[in-house]
Amino acid sequence: YKVMSATLESYVNRPVSVITSDGRNFVGTLKGFDQTINLILDETHERVYSSGQGVEQIVLGLHIVRGDNICVVGEIDQDIDTRLDLHNIKAEPLNPVPHGV
């Protein structure tokens, strides 16, 4: 927990991408977290990927992601992210991560 906590602390007030075990991708500003790695994200949107059309962005605003549902948290490079043409990016949605296998 201490290593994860130190890493997350360095991401506070920075843009992050969170991928959950059910294959969802949330992008927002990390505002805080607790001892069970529940994350509080602000200015959040979910990026929904599709092989047939561009990335849909669903605005969520202030959002909490449960720690037991998180697979990956990473800092976003805003310069690169703002240059992405999400309307023309097509990708298969992520599959859920099976638990207890």
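Which side chain does a polar contact of 2.5 Å join to that of H45? The partner is the side chain of Q57, where a polar contact is a pair of N or O atoms within 3.5 Å, and within protein one must be able to donate a hydrogen and the other to accept it, with residues adjacent in sequence counting only if both atoms are side-chain atoms. The model is a predicted one, in which local features need pLDDT of at least 70 and side-chain atom pairs pLDDT 80 or more, while totals for chains, interfaces and linings use all residues. Residues are numbered from 1 along each chain as its sequence is written, and side-chain values use heavy atoms, without hydrogens or water.

H45 belongs to strand β3, residues 39-48; strands (E, at least two residues) and helices (H or I, at least four) are DSSP runs numbered from the N terminus. H45 is buried at a relative accessible area of 18%, buried being under 20%, exposed over 50% and partly exposed in between (1.4 Å probe, protein chains only). Beyond four places in sequence, its contacts (heavy atoms within 4.5 Å) are N25, F26, V27, Q57, I58, V59 and L60.

Turning to helix α1, its buried residues are S5, L8 and Y11. They fall within an arc of 115° seen down the axis, so they line one face of the helix; the arc is that of the directions from the helix axis to the C-beta atoms. Their cover includes β1, β2, β3 and β5, whereas K2, V3 and A6 are exposed on the face turned away.

Most residues other than glycine have a negative phi. N13, which follows α1, has a positive phi near 65°, and I37, in the loop between β2 and β3, also has a positive phi near 65°. I37 is buried, with a relative accessible area of 15%.
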